[in-house]
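Dear colleague,

Please find the structure below, handed over for your use. My notes on it follow directly after.

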Amino acid sequence: PDVVTLDVEMPHLDGLSTLRQIMQRFPRPVVMLSSMTREGAVETIQALTLGAVDFVTKPGSNTNIKQVMQEASQKIIRAAGARIKTTSLPMPMQSAAVAVGAAPAAPTVEKRVTPHQRNDPIVLIGTSTGGPRALNELIPALPANLPAAVVVVQHMPAGFTHSLAERLNTLSKLKVKEAEPGDRLAIGQVLLAPGGFHMIFDANMQVALNQNPTVHGVRPAVDVTLISLIQRFGKSVIAAILTGMGSDGTNGASLLHSMGGKVITEHESTCVVWGMPRSVTEAGASDMAVPLPEIAGQIERLVKEQRGV
């Protein structure tokens, strides 16, 4: 098949174990079907980090079935054009519920977080399709002593970003949390925009959330958060636009680039979907196109340059 739709709950071999085998032996685009429960959200994040391209939430009793089927068909069509690589993940020896894609135990080392000062660098990472897996590689690669605050906008509906933040926090040297109203930027901390909300920073430099109309068809939108940060902090912002469908992030990246700020785009060779980075590049707003494994090092270099280290 060109594309596989895959439920987590199946007899004999569950969906996550099936996904692991598909990605290891017959890599191809997979779209997961997910429940809206907390357990379903955790399993969905595991599936996306294992290599699933996207997911569709299962319809509930009050759901418009036509709307769900339209979303599913669109995501299947998009998935057909995704770039898929063979995973090197080992096959699990224990039951899937325990083994597949589960994050390792949280480290016991306390993560240091210090207040962000106005001239300190801020790293904005924006991504969409293929983003959870990319973040699963990028965020843990950032050093504990990175002298910058980090903000992440991942296109995702409400109910799923909390699980993504928890997973990334478990894997990373930095503290990762789903952003809440009133949160402040901090060195050593990653704030993840909550699904279903646009995230901006108000006059007090605190997180504010809203459910204004979608931008580029999504909420949260990278452009909304990035432009908000640029308005408050100017070229202290460093933007990294990763894999994703569409053009979200291009307006903010263009503004930042015109001010002399730095913009990194993920190189086409490692993108699941070379959409958002391509749009930024074609707008002339990319300072460098970097393969995913090298982005953390470039972020660290730019942050140190900005601080004069």
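Helices (H or I, at least four residues) and strands (E, at least two) are DSSP runs, numbered from the N terminus. The model is predicted: local features need pLDDT of at least 70, side-chain atom pairs count only at pLDDT 80 or more, and totals for chains, interfaces and linings use all residues. Residues are numbered from 1 along each chain as its sequence is written, and side-chain values use heavy atoms, with hydrogens and water left out.

T243 sits in the loop between β12 (237-241) and α8 (250-258). T243 counts as buried because its relative accessibility is 1%, where buried means under 20% relative accessible area (1.4 Å probe, protein chains only). Leaving aside residues up to four places away in sequence, T243 touches several residues, among them T127, A134, E266 and P277; contact means heavy atoms within 4.5 Å.

A134 also belongs to the contact between two helices: A134, E137, L138 and A141 in α5 meet L292, P293, I295, A296 and I299 in α10. By class, this contact has 8 nonpolar, no polar and 1 charged residues (Ala, Val, Leu, Ile, Met, Phe, Trp, Tyr, Cys and Pro count as nonpolar, Asp, Glu, Lys and Arg as charged, and the others, Gly among them, as polar). The axes of α5 (residues 131-141) and α10 (residues 292-307) come within 9 Å and cross at roughly 35 degrees; axes are lines fitted to C-alpha atoms, for helices over the stretch in contact, and angles run from 0 to 180 degrees between N-to-C directions.

Terms used: Buried means under 20% relative accessible area, exposed over 50%, partly exposed in between (1.4 Å probe, protein chains only).
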